[in-house]
Amino acid sequence: MEMKRRIDYTSITVIEIKIDDEKQRTKILRKIFENLNSKGSLLTQQELRNVIYVCDFYTMLQEYNRYDDKWRKIWGQEDAAERDMETLLRFCALKKYVRIEQKN
């Protein structure tokens with residue numbers, strides 16, 4: 001109950017970042033979060049990507065990472081440094097960009 005009271009009366013600062021140039025959006029956001037990430041407990045590159053990239057595919061992959069029993073059986077527990085999520089992204093990239101040809 002005491003914790004609830006403290007949170008109820010705590011101000012939270014929200015900063016909205018508007019980026020007019022959509023082509024530069026990722027580069028600008030990455031730089032902002034890298035700067036914010038320069039002190040304290042540093043985020044991994046995957047944790048930074050989790051903050052920057054928001055889309056339906058990414059949301060679906062995060063849900064798969066958290067809730068798919070078969071994936072959890074292969075990988076094990078969720079990884080605090082997001083190595084499990086990074087592995088899933090690498091698998092998706094392999095599927096999309098690598099073509100394997102068999103020679104007869």
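## Handedness of a helix crossing

A crossing of two helices is called right-handed if the near helix is turned clockwise from the far one by less than a right angle, and left-handed if the turn is anticlockwise. In this predicted model, helix H4 passes helix H6 in a right-handed crossing.

## Packing of H4 against H6

Two packed helices are described by the angle between their axes together with the distance between those axes. For H4, which covers residues 56-67, and H6, which covers residues 83-97, the angle is about 125° and the axes lie 10 Å apart.

On the H4 side, the contact is formed by Phe-57, Tyr-58, Leu-61, Gln-62, Tyr-64 and Asn-65, while H6 contributes Asp-84, Met-85, Leu-88, Leu-89 and Cys-92. Sorted by class, the residues of this contact comprise eight nonpolar, two polar and one charged.

## The chain as a whole

The secondary structure of the chain consists of six helices and zero strands, which, read along the sequence, gives the pattern α-α-α-α-α-α. With a radius of gyration of 19 Å, well over the 13 Å that the globule rule gives for 104 residues, the chain is more spread out than a compact globule.

Along its principal axes, the C-alpha trace spans about 70 × 40 × 25 Å, and buried residues account for 20% of the 104 residues in the chain. Of the contacts between residues at least 6 apart in sequence, 36% join residues at least 24 apart.

Note on methods:
Residues are numbered from 1 along each chain as its sequence is written. This is a predicted model: local features need pLDDT of at least 70, side-chain atom pairs count only at pLDDT 80 or more; totals for chains, interfaces and linings use all residues. Side-chain values use heavy atoms; hydrogens and water are left out. Axes are lines fitted to C-alpha atoms, for helices over the stretch in contact, and angles run from 0 to 180 degrees between N-to-C directions. Helices (H or I, at least four residues) and strands (E, at least two) are DSSP runs, numbered from the N terminus. Contact means heavy atoms within 4.5 Å. Ala, Val, Leu, Ile, Met, Phe, Trp, Tyr, Cys and Pro count as nonpolar, Asp, Glu, Lys and Arg as charged, and the others, Gly among them, as polar. The radius of gyration is taken over C-alpha atoms; the globule rule is 2.2 Å times the number of residues to the power 0.38. Buried means under 20% relative accessible area, exposed over 50%, partly exposed in between (1.4 Å probe, protein chains only).
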